[in-house]
Every structure is written in structure tokens, then in C-alpha cells.
2 protein chains.
Amino acid sequence: MASSTDPEFAAKATTLPPKSDVPPSWRSNCSVVDVALRVLLFSATLVAIIVMVTSEQSEFVLGLPVKRPAKFTHSPAFIYFVAALAVACFYSIITILVSILVIFKPTLHKKFLLHFAFWDVLILGLVASATGAAGAVAYIGLKGNSHVQWVKVCSTYDKFCQHVASSTALALIAAVVLVLLSMLSTYSLYKRIRD
Amino acid sequence: MASSTDPEFAAKATTLPPKSDVPPSWRSNCSVVDVALRVLLFSATLVAIIVMVTSEQSEFVLGLPVKRPAKFTHSPAFIYFVAALAVACFYSIITILVSILVIFKPTLHKKFLLHFAFWDVLILGLVASATGAAGAVAYIGLKGNSHVQWVKVCSTYDKFCQHVASSTALALIAAVVLVLLSMLSTYSLYKRIRD
């Protein structure tokens, strides 16, 4: 905020509508919501990774004498999914720390708002594409595809598929949180416009 | 850049750091880049839809006396892909018109910047997830998956796969354009902050 002793600011304050003023409490609330959303992002991505990585299941398959395992590493889409969520999880840890720093040093707020808005959008692209990829492969596993003779997998590997479905749902939540974070950063910038 | 004959701009230039000033010409340049990117988004999504929809190919498959077709409608991921890109294409048409309106009525700039930043992020989530879904299914079609006996499709349906690959690449370009658009809107808001 401009200093109240600044004559130019004082002159403007009488002519601008009230919505241009951003009280410190509003910014503080924004920062707290920001940190809360980033903690939610961290939790969602971490649990999604754990659920996907622990999805291994071994079952007897028709015609084979030994159990065959199903792992997430068997599908490149699931490997990409885990890698993308690991990046998002690491990003959320860094931004939680930076957001907490901003709460205690509000002068850094404006600069970090821009960086957050930039990076949130990039990480959203990553998480959304990973969710789409994992969801598409999981859907083929669940329903199969009779046109190209791709058989259902989930009738045999039920626990594996439950893990994959839960992990994909959590990634979807992470993507929604990233959309909200990006909107919050943009709205915070918008509220600070004086002209 | 701002006209050097503008007395208000000249007065401010001596007291405020240069980055706080947003000369009208800068805004105008931003709007032109915005329209150009939206036209690129429109082209990429439209061509991607056309390429995907025209991907049908019929071939003789081993053991069958008649040709079997491969269409994008055979995969729910490709249907979602076309639907998502259709939404993005329609959105790009609306925003091109609004952006052109904003160039002629700069007073509307601030309000629409916020709406653009909000909606660009949502459409990015949609396009990125559709790209991920189509890419994952296309990859299985190209490489198959020996763990679950999903056979390669692209060795038979080469033209179909080329269409799908081109369409996915165009969707990736559309997603990158949406990231740039979102960053441009955010940066325009940032440049207008005066405190």
C-alpha cells in the first residue's frame, strides 16, 4: 500500500471507489486461504502418489500356473502420472513455505503473487494432463475396448483398479485446487489495481 | 511506450519506478498479442478437431473377410478430446470478439482481464486433460501393452494413428497457448498495480 503521507495517494483516495482499497486484513485472509489451499494440494498429491505406488496386486490369470502382478510401472501413463504429481507435491511444499513467509513479510506479497499465478498455471497443465492420461488408461482397464480387442483388467485386478481410481480422483481434486489457487492469485492482483 | 508529451506521465516518471507505469500503447500491444494468441488458439483447436474427426480408416484385419474401420468414436477418450477442443474452439471465438471490442473500448480492459484470466485457466484444465487422455490412448495404440495383452493398433491403422498423433500435437500447442494467454492476463493485471 502507498504511504498515507504520500500526497498523490491522499488525493486519489478521495476520488477512487472504495473497492480499489485493499485493507491489510483482506490481504491477510487471502494469504491464509492461499496457505490452506496449498496444504490441501500437498495432501492430495502426496496421498495420490502413495495410493498409486501401493497399488500392486498379484492374481492367477486364466491359463497360467503362477500369479501375475499388476503394477503402476506397467503403464507409461501411470509413470507419467506419478512423476507429474511428485513435481506438484514438491512445488506445493516450496509454495507453502513461501506463502508463510509472505504472511510475516507482507511487502513481498505483490512480487510473489505474480510468480504464484505463473507457476500455478504451469503445474495445473501438468496435473490436468496426468489426470487425463491416468483416467483414460484406467477407463480402458475398467471397460476394455471391443473394437481393438483390449480386454478388461479390473475384473481380475480389482484392488489395483480401486487404487488407480482413488488416485485419479485425488489428482482431480489437486487440479481443482490449482485452478482455485490461480484464480485467488489473479483476484488478489485485480483487487490491488488503482487505475 | 507512452508519449513523451503526456505531462501526467512525465510527472509520474520522476517519482514512480518505471515498472509501475502502464502507458496506453503497452496496453494496446498487450491486447494485440492477446488477440493474436486467441486466433492461434482458434486455429489449433479447429484443425485438431478436423484432423481427429477425419481420421477414419478401414483395413483388413487378420482372420476377417471384410474391412474393419477405426474411428475416433471407438474410444471414449477421443470423444472427450473432441468435445473438450470444441468447447475451447467456441471459447476462442467468443474471446477473439471480446478482445477486439476491448481494443476499441480500452475502458473495459480491466474488467475483462480478470474474466479472461479466470476462464483461460479453466479451459486450460479442460484442454490439458483431453490432451493427456488422447495421448495415453494413442500411446497404447502405438506401443501396445504386453502386461495386459493390449495389442498395437498403429501397425494396421497407420493413417488413423497419424491423424490422432497430429491432433494430439495440435491440442498440446493449444494448451501452451492457453498457458501464455493466462500469463499475459496476469502480467497485464500486475503491470497495473500502482502500490
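**Figure 1. Helix 5 of chain A meets helix 5 of chain B in this predicted model.**
The axes of helix 5 (residues 158–191) of chain A and helix 5 of chain B come within 8 Å, crossing at roughly 30 degrees. Angles under 35 degrees count as roughly parallel, and therefore helix 5 of chain A and helix 5 of chain B are described as roughly parallel to each other. Their crossing is left-handed. Which residues of helix 5 of chain A meet helix 5 of chain B? On the chain A side they are Thr186(A), Leu189(A) and Tyr190(A), and on the chain B side Thr186(B), Leu189(B) and Tyr190(B).

**Figure 2. Helix 3 of chain B packs against helix 5 of chain B.**
Here is a helix pair within chain B. Two packed helices are described by the angle between their axes and the distance between the axes. For helix 3 (residues 76–104) of chain B and helix 5 (residues 158–191) of chain B, the angle is about 40 degrees and the axes are 12 Å apart. That makes helix 3 of chain B oblique to helix 5 of chain B. The crossing of helix 3 of chain B and helix 5 of chain B is left-handed. To find the contact, look for Phe78(B), Phe81(B) and Leu85(B) on helix 3 of chain B, then for Phe160(B), Val164(B), Ser167(B), Thr168(B) and Ala171(B) on helix 5 of chain B. In this contact of helix 3 with helix 5 of chain B, 6 residues are nonpolar, 2 are polar and none is charged.

**Figure 3. Asp34(A), Arg38(A) and Asp120(A) of chain A and their salt bridges.**
Side chains of opposite charge can pair when their charged atoms come close. One such pair is Asp34(A) with Arg38(A), whose side chains form a salt bridge at 2.8 Å, N to O. Asp34(A) and Arg38(A) both belong to helix 2 (residues 24–53) of chain A and sit 4 residues apart, about one turn of the helix. Are these two residues buried or exposed? Buried means under 20% relative accessible area, so Asp34(A), at 9%, is buried, and so is Arg38(A), at 0%. The side chain of Arg38(A) also meets that of Asp120(A) in a salt bridge, at 3.1 Å, N to O. Because Arg38(A) lies in helix 2 of chain A and Asp120(A) in helix 4 (residues 109–143) of chain A, the pair ties together parts that are 82 residues apart in sequence. Asp120(A) is buried, as is Arg38(A).

**Figure 4. A salt bridge between Asp120(B) and Arg38(B) in chain B.**
Now turn to chain B, where the side chains of Asp120(B) and Arg38(B) meet in a salt bridge at 3.1 Å, N to O. This pair links distant parts of the chain: Asp120(B) is in helix 4 (residues 109–143) of chain B, while Arg38(B) is in helix 2 (residues 24–53) of chain B, 82 residues apart. Both Asp120(B) and Arg38(B) are buried. Back in chain A, salt bridges that share partners join Asp34(A), Arg38(A) and Asp120(A) into one network. How many salt bridges are there over all chains? The count comes to 4.

With 11% relative accessibility, Ser129(A) counts as buried.

**Figure 5. Val39(B) in helix 2 of chain B, with Ile96(B).**
Val39(B) belongs to helix 2 of chain B. Its relative accessibility is 37%, so Val39(B) counts as partly exposed. Along the chain, Val39(B) and Ile96(B) are 57 residues apart, yet 6.8 Å separates their C-alpha atoms.

**Figure 6. Chain A as a whole.**
Finally, step back to see how chain A is built. Chain A has 5 helices and 2 strands, arranged along the sequence as α-α-β-β-α-α-α. Of the 195 residues in chain A, 48% are buried. Among the contacts in chain A with a separation of 6 or more, 78% are between residues 24 or more positions apart.

How values were computed
Residues are numbered from 1 along each chain as its sequence is written. Chains are lettered from A and ligands numbered from 1 in the order in which they are written. This is a predicted model: local features need pLDDT of at least 70, side-chain atom pairs count only at pLDDT 80 or more; totals for chains, interfaces and linings use all residues. Side-chain values use heavy atoms; hydrogens and water are left out. Buried means under 20% relative accessible area, exposed over 50%, partly exposed in between (1.4 Å probe, protein chains only). Axes are lines fitted to C-alpha atoms, for helices over the stretch in contact, and angles run from 0 to 180 degrees between N-to-C directions. Angles under 35 degrees count as roughly parallel, over 145 as roughly antiparallel, 65 to 115 as roughly perpendicular and the rest as oblique. A crossing is left-handed if the near helix is turned anticlockwise from the far one by less than a right angle, and right-handed if clockwise. Contact means heavy atoms within 4.5 Å. Ala, Val, Leu, Ile, Met, Phe, Trp, Tyr, Cys and Pro count as nonpolar, Asp, Glu, Lys and Arg as charged, and the others, Gly among them, as polar.
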